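I open this notebook to record what I looked up in a structure that is new to me. The entries follow the order in which I consulted it.

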Number of protein chains: 2
Amino acid sequence: MPGGPLMIIGGAEDKLRRRRILKEFVALSGGPDARIAVIPTASSLGPEVVEVYDALFRAEGAAEVHTVRPESREEAGDEELVEQLGKATGVFMTGGNQLKLSSIVCGTPVGDAIVAAHERGACVGGTSAGASIQSSHMLAFGVGGSTPKQRMTQMAAGLGLVPGTVIDQHFEQRNRYGRLLMIVAQSPQLLGMGVDEDTAALVQDGVLSVIGRGAVTLLDPSSITTNAFEARRSAPLLASGVVLHVLPEGARFDLATRTLLPYGVEVDPTEAAEMEEAGRDLRQMARDIAASDASPSVLRRRLKRTRKKKAGADETTDGDHA
Amino acid sequence: MPGGPLMIIGGAEDKLRRRRILKEFVALSGGPDARIAVIPTASSLGPEVVEVYDALFRAEGAAEVHTVRPESREEAGDEELVEQLGKATGVFMTGGNQLKLSSIVCGTPVGDAIVAAHERGACVGGTSAGASIQSSHMLAFGVGGSTPKQRMTQMAAGLGLVPGTVIDQHFEQRNRYGRLLMIVAQSPQLLGMGVDEDTAALVQDGVLSVIGRGAVTLLDPSSITTNAFEARRSAPLLASGVVLHVLPEGARFDLATRTLLPYGVEVDPTEAAEMEEAGRDLRQMARDIAASDASPSVLRRRLKRTRKKKAGADETTDGDHA
């Protein structure tokens, strides 16, 4: 299942300062060639929500931004809207009420056109409600709290762009460990994904990577022991053996094997050069010790001389450039 | 390391209604023979905090309740206080400021007497601050939040009654996943234990069991991959592969092997009798089907007759008792 990139944003993405996430969305949608369809159906706000994203995506260099706003299932059959989605290189779903979004869009020509856009390689993204609806199983409404209990939230069917996954958003800010644990305890074939605000899970070719200020928390219940089928309403659920992954920006996770991919640490170039020099010095010291004619104090003096010489050479080089 | 039972209470234990946890503490301290020493050093309240626990423990049938309240390290050398602890069958530490408790008590004769009481088999319990101090590594101060970041809390040394463990309390109510994850990411040889309010982790003979309204959450970082040694202050920490156990009342957990023990479900006796009868009926039906002379409808009629006969017999029995 290849398809285009999916951008699952935990809500409250930065719109005024660096706009890391929205910038990336435009880039993944084709940059200067991007034709973005904004779907604000989840929102109860008026045209202003569209105006904001329209201004943002244009400011980031998108060629075209169009609004696709069905407000009923009937409107979600509108040919013109479907056509807009058919030409889009990026589809963006705003926040709001995800049950409003799913009940109007899922299983309609507009819903099918979003799935088709993903399948032909367009970038599909969404924030908050627009994040939730991308999973196969979608959370809607509920309460906060760390400890899982029955009926903390309810599940509805989403668009299924991320299969076998249940997505929750505003994860850290609204303390949603409990409700996501409840869901994966009851449906241990699902992977639970909690996305913090101003943070995005980017899913592409089966690999999840993280952009933004917060973290993406994954709950893998494959080996869970649970009493979710018999626990009383008010009692906490047993959920033993859930594997937890808290992934900050830069982390990459293989969704098929459910394992962290090698975590690359970005190294500053100046620091890298210093490390390289320190390494050369140590190798020289090791050779000298092996030759064993020199005491440590002799070695230190020799090292100092070498460094001074090197510094002199660097100055000359700098002079050439000046 | 045998020692007496340890009762780690997450704060705000029920004092007015069923008093499940405090009742259990008195029972484990010897019931009618209990001589309980209350240590309110963590608290900034006056004698009233002692009066409450004094009244509670006496109401639950304890023989004696004494106050051991050092307010300085000097007072924590007082022979009379040490003697009280020497005779105690139960030691209870109240809530308050755990750094005040640890800095006054740890490494003093009173601190040693608490450890000695545990070693000779007395029950040692505590709530909130009095829970934290029982671990080898103790959290103090900090902020809430689900996502782990640097310096969300700090660690000090506790009494070490629960070795290799770091305890946090008010876990669900104050959203403390983040800070406990931070601690175990930095010290992956420790087991993280978060105890909800009105909930106790009872540790005895290396087995943890749970009493109360909430859950005990364990974070086992043995297989963690983390960047805790290099993550920037404001960035979330990578914490991949932490094994999570949420344990409600009735759950039992082996602390040495870090595995859940078989989870016994309590069955209502009436329900058990009904299940037994349904089992007999099904076995009879299986035999009848194997004999294959009867159609399902014949079997159903026969089953109905048997049940009616049995109901009649029950009524007779009831009559005998009336």
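**Entry 1: the two copies.** I note that the model is a predicted one.

**Entry 2: the interface.** I compared the interface residues of the two chains. Of those in chain B, 100% are also interface residues in chain A, so the copies meet through the same surface.

**Entry 3: the form of chain A.** I list nine helices and 16 strands as the secondary structure of chain A. The radius of gyration of chain A is 26 Å, well over the 20 Å that the globule rule gives for 322 residues, and I therefore describe the chain as more spread out than a compact globule. Along the principal axes, I find that the C-alpha atoms of chain A fill a box of roughly 85 × 55 × 30 Å.

**Entry 4: packing and surface.** I note that 51% of the 322 residues of chain A count as buried. Taking contacts in chain A between residues at least 6 apart in sequence, I find that 72% join residues at least 24 apart. Chain A exposes about 14,800 Å², and carbon and sulfur atoms supply 53% of that area.

**Entry 5: charge.** I record 35 positive and 41 negative side chains in chain A. The centres of these two sets lie 9 Å apart.

Key. Residues are numbered from 1 along each chain as its sequence is written. Chains are lettered from A and ligands numbered from 1 in the order in which they are written. This is a predicted model: local features need pLDDT of at least 70, side-chain atom pairs count only at pLDDT 80 or more; totals for chains, interfaces and linings use all residues. Side-chain values use heavy atoms; hydrogens and water are left out. Contact means heavy atoms within 4.5 Å. Helices (H or I, at least four residues) and strands (E, at least two) are DSSP runs, numbered from the N terminus. The radius of gyration is taken over C-alpha atoms; the globule rule is 2.2 Å times the number of residues to the power 0.38. Buried means under 20% relative accessible area, exposed over 50%, partly exposed in between (1.4 Å probe, protein chains only). Accessible areas come from the Shrake-Rupley method with a 1.4 Å probe; for residues, only the protein chains shown count as cover. Lys and Arg count as positive and Asp and Glu as negative; His and the chain ends are not counted. The place of a charge is taken as NZ of Lys, CZ of Arg, CG of Asp or CD of Glu.
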